[in-house]
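Dear colleague,

I am handing over the structure below, and I would be grateful if you could look through it before reading my notes, which follow it.

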Amino acid sequence: MRKLGNPTVGDRIAQTVVKDYMETSIDNLFHKNSYGYRPLKSAYQALTKARINVKQYDWVIDLDIKGFFDNISHDLLLKALNKVVAEKWVKMYCKRWLEMPVQKLDGTIVSKQGRGTPQGGVISPLLANLFLHYAFDMWITQKHPTICFER
């Protein structure tokens, strides 16, 4: 079971501003066959591309990273953010949102302990894509430059 993060209205607005600001500059970094949580890309387009690919390739790799959003390393994600974002205010807010503790139903506060992004956060999918860009896209294209994949 995944803990749900419900940002306040103010945080949701601020995350949307930061996401829109960052997305315009970093979306073009992502692999052309990356369809998840991308502007102007859909699951339907990913399926269409997959249908084309199965006619060209003899094999398929299907990955499902269990607990991915719960276990993203803050250190590695912030390192990726530092590579693509110069503005200190963007990095500051992203760090704050990542480190935001979770309040349980009984009222107790649990810290993130350097891992995870809040489910329900507007910024989380973009940060996850940035993490995957460095952790997966860059690695796979360096090892196998002709590979075609969707994530």
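In these notes, contact or touching means heavy atoms within 4.5 Å. With that in mind, and not counting residues up to four places away in sequence, Val 18 touches Trp 89, Val 90, Cys 94, Trp 97 and Ile 123.

This is a predicted model, in which local features need pLDDT of at least 70 and side-chain atom pairs count only at pLDDT 80 or more, while totals for chains, interfaces and linings use all residues. Residues are numbered from 1 along each chain as its sequence is written, and side-chain values use heavy atoms, with hydrogens and water left out.

Val 18 belongs to the largest nonpolar core, which has 22 residues, and is among those that touch the most other members, together with Met 22, Leu 81, Cys 94, Ile 123 and Leu 127. Such a core is a set of buried Ala, Val, Leu, Ile, Met, Phe, Trp, Tyr and Cys residues joined through side-chain atoms within 4.5 Å, where buried means under 20% relative accessible area, exposed over 50% and partly exposed in between, with a 1.4 Å probe and protein chains only. Helix 1, helix 4, helix 5 and helix 6 (124–143) each supply at least two residues of this core, and the largest share, 6 residues, comes from helix 6; helices here are DSSP runs (H or I, at least four residues), numbered from the N terminus.

Glu 23, for its part, lies in helix 1 (residues 9–26) and is buried, with a relative accessible area of 13%. Not counting residues up to four places away in sequence, Glu 23 touches Tyr 37, Pro 39 and Leu 126.

With best wishes
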